[in-house]
Amino acid sequence: MTDNYKNTAYIYSKNPDDTQTLGHKIGNLSLPGDLILMTGELGAGKTCFTQGVLNGVGSLEYVRSPTFVLVMEYNGRIPLYHADLYRISQTAELESIGIEEYFHSDGICVVEWADRFESIFQLDHLAIKIDWDEEGPSSDKRRIQLTSKGSRHAKLINDVIDSESHKTI
């Protein structure tokens, strides 16, 4: 059955509103236990995307980058746990904040700077990589790569790209 799922899709965003719209779509389709691992350069749009995910779960709260708090919790139809691993440098630090509890929780866990800890990628997840397009950092345009590990997240990609709101290649 998973043979019909797309494991990777590329979506092009023209501006921050498009990035949030994609996040909203994913948030709307997300289920408790979903894990979203985000990568991208500083300022690429990870927090902007997360704002869309939060709106997609029905929350009107404003996402703040959790760089100093490490994990922020938001309420919606399901909770959203937003973690930022930018300032974490050792696995012991990661374990001390209890990050794995959020991975297996009643909500969605969105992790920024997930590439700092490759072991996280062993879990079933939706990976979101946000890059600037060929115009570079001065442009609002982004190339967003969605990659799944596991059938649940492959289905999520399929559902997103089946929507008419984004063009994929």
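This presentation describes the fold of one protein chain and then a handful of its residues.

The model is predicted, so local features are reported only at pLDDT of at least 70 and side-chain atom pairs only at pLDDT 80 or more, whereas totals for chains, interfaces and linings use all residues. Residues are numbered from 1 along each chain as its sequence is written, and side-chain values use heavy atoms, with hydrogens and water left out.

Let me start with the overall fold. The chain contains 5 helices and 7 strands; here helices (H or I, at least four residues) and strands (E, at least two) are DSSP runs, numbered from the N terminus. In sequence order the pattern reads β-α-β-α-β-β-α-α-β-β-β-α. The radius of gyration is 15 Å, close to the 15 Å that the globule rule gives for 169 residues, so the chain is as compact as a globular protein of that length. That radius is taken over C-alpha atoms, and the rule is 2.2 Å times the number of residues to the power 0.38. Along the principal axes, the C-alpha atoms fill a box of roughly 40 × 40 × 30 Å.

Of the 169 residues, 49% are buried; buried means under 20% relative accessible area, exposed means over 50%, and partly exposed lies in between (1.4 Å probe, protein chains only). Contact means heavy atoms within 4.5 Å. Among contacts with a separation of 6 or more, 69% join residues 24 or more positions apart. The chain exposes about 8,500 Å², with carbon and sulfur atoms supplying 47% of it; accessible areas come from the Shrake-Rupley method with a 1.4 Å probe, and for residues only the protein chains shown count as cover.

As for charge, there are 16 positive and 25 negative side chains, and the centres of the two sets lie 5 Å apart. Lys and Arg count as positive and Asp and Glu as negative, while His and the chain ends are not counted. The place of each charge is NZ of Lys, CZ of Arg, CG of Asp or CD of Glu.

I turn now to helix H2. This helix covers residues 46–56 and is mostly covered, with 9 of its 11 residues buried. Among the buried ones are Cys48, Phe49, Val53 and Leu54. Which elements do the buried residues of H2 pack against? They pack against helix H1 (16–29) and strands E2 (35–40), E3 (71–74), E4 (80–84), E5 (108–112) and E6 (125–132). Just after H2, Gly58 adopts a positive phi of about 95°.

The loop between H2 and E3 holds two residues that I would like to set side by side. Val57 lies in this loop and is buried, with a relative accessible area of 1%. Tyr62 also has its place in the loop between H2 and E3, but at 65% relative accessibility Tyr62 counts as exposed. Setting aside residues up to four places away in sequence, Val57 touches Gly27, Gly76, Arg77, Ile78 and Ile108. With neighbours within four places likewise left aside, Tyr62 is in contact with Gln51 and Tyr74.

Ile108 is buried, with a relative accessible area of 0%. Beyond four places in sequence, its contacts include Gly27, Leu31, Ile36, Val57, Ile78 and Tyr81. Ile108 and Leu29 are 79 residues apart in sequence, and their C-alpha atoms are 11 Å apart in space.

In the loop between E5 and E6 we find Trp113. Its phi is near 60°, a positive value in a residue other than glycine. Trp113 counts as buried at 13% relative accessibility.

Finally, helix H5. This helix has 12 residues and reaches 16 Å from its first C-alpha to its last, close to the 16 Å expected at 1.5 Å a residue; the expected span is 1.5 Å times one less than the number of residues. The buried residues of H5 pack against strand E1 (8–13), H1, E2, E6 and strand E7 (142–149).
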